[in-house]
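Trainee: Hi! I'm new to this one, could you walk me through it?
Mentor: Happy to, let's get it on screen.

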Amino acid sequence: LERLSAAGRARGIPATEVEAWREAFRLVQLLRLKLNAAQRSRGEPLHNHLDPATLNELERGMLKQALRQARKLQNRLTRDFTLTGAGFGA
């Protein structure tokens, strides 16, 4: 979370956008930890593959929004850090 905040400050990204990234990260981590706790209680090996069908309607909606934020962050990184004319074999 601190790294997201620091990156946002360093790039001059609006605080509201950075906070959306942080909230999305928190939600994904919460869902992952809930999954791992359930796996452990059942004596299953731990993995991070979360089947959205196991979530209630509210959790699914929140996960969709978190994944939208992740996509927005990926798009920003692509825009900010893509080198023009730096293709392979060029």
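Trainee: What kinds of residues make up the lining of the largest pocket: nonpolar, polar or charged?
Mentor: The lining divides into nine nonpolar residues, two polar and no charged. Here Ala, Val, Leu, Ile, Met, Phe, Trp, Tyr, Cys and Pro count as nonpolar, Asp, Glu, Lys and Arg as charged, and the others, Gly among them, as polar. A pocket is an open set of points on a 1 Å grid over the protein atoms alone, where a 1.4 Å probe fits, with protein on both sides within 12 Å along at least five of seven lines, and lining residues have an atom within 4 Å of a point.

Trainee: And before I go on, what sort of model is this?
Mentor: It is a predicted model, where local features need pLDDT of at least 70, side-chain atom pairs count only at pLDDT 80 or more, and totals for chains, interfaces and linings use all residues. Residues are numbered from 1 along each chain as its sequence is written, and side-chain values use heavy atoms, with hydrogens and water left out.

Trainee: Thanks. Which residues line that largest pocket?
Mentor: They are Leu-1, Leu-4, Trp-21, Ala-24, Phe-25, Val-28, Gln-29, Ala-66, Gln-69, Ala-70 and Leu-73. Two elements give two or more residues each to this lining: helix H2 (15–41) and helix H3 (57–81). Helices are DSSP runs of H or I with at least four residues, strands are runs of E with at least two, and both are numbered from the N terminus.

Trainee: Which one gives the most to the lining?
Mentor: H2 does, with five residues.

Trainee: How much space is in there?
Mentor: About 190 Å³. That volume is the space filled by probe spheres set on the grid points, which are joined across faces, edges and corners.

Trainee: Let's zoom out. How many helices and strands does the chain have?
Mentor: It has three helices and zero strands, and along the sequence the pattern reads α-α-α. The radius of gyration is 17 Å, well over the 12 Å that the globule rule gives for 90 residues, so the chain is more spread out than a compact globule. That radius is taken over C-alpha atoms, and the rule is 2.2 Å times the number of residues to the power 0.38.

Trainee: What does the C-alpha trace span?
Mentor: About 50 × 35 × 25 Å along the principal axes.

Trainee: How much of the chain counts as buried?
Mentor: Of the 90 residues, 22% do. Buried means under 20% relative accessible area, exposed means over 50%, and partly exposed lies in between (1.4 Å probe, protein chains only).

Trainee: Back to H2. How far does H2 reach?
Mentor: H2 has 27 residues and reaches 39 Å from its first C-alpha to its last, close to the 39 Å expected at 1.5 Å a residue. The expected span is 1.5 Å times one less than the number of residues. Just after H2, Gly-43 takes a positive phi of about 75°.

Trainee: Which residues of H2 are buried?
Mentor: Val-18, Trp-21, Arg-22, Ala-24, Leu-27, Leu-31, Leu-35, Asn-36 and Gln-39. What covers them includes helix H1 (2–11) and H3.

Trainee: What does Val-18 touch?
Mentor: Setting aside residues up to four places away in sequence, Val-18 touches Leu-4, Ser-5, Gly-8 and Ile-13. Touching, or contact, means heavy atoms within 4.5 Å. Val-18 counts as buried because its relative accessibility is 7%.

Trainee: And Gln-39, what is its accessibility?
Mentor: Gln-39 has 1% relative accessibility, so it counts as buried. Leaving out residues up to four places away, Gln-39 touches Glu-44, Pro-45, Leu-46 and His-47.

Trainee: Last topic, H3. Which residues of H3 are buried?
Mentor: Glu-59, Leu-63, Ala-66, Gln-69, Leu-73 and Arg-76. Their cover includes H1 and H2. H3 has 25 residues and reaches 36 Å from first C-alpha to last, close to the 36 Å expected at 1.5 Å a residue.
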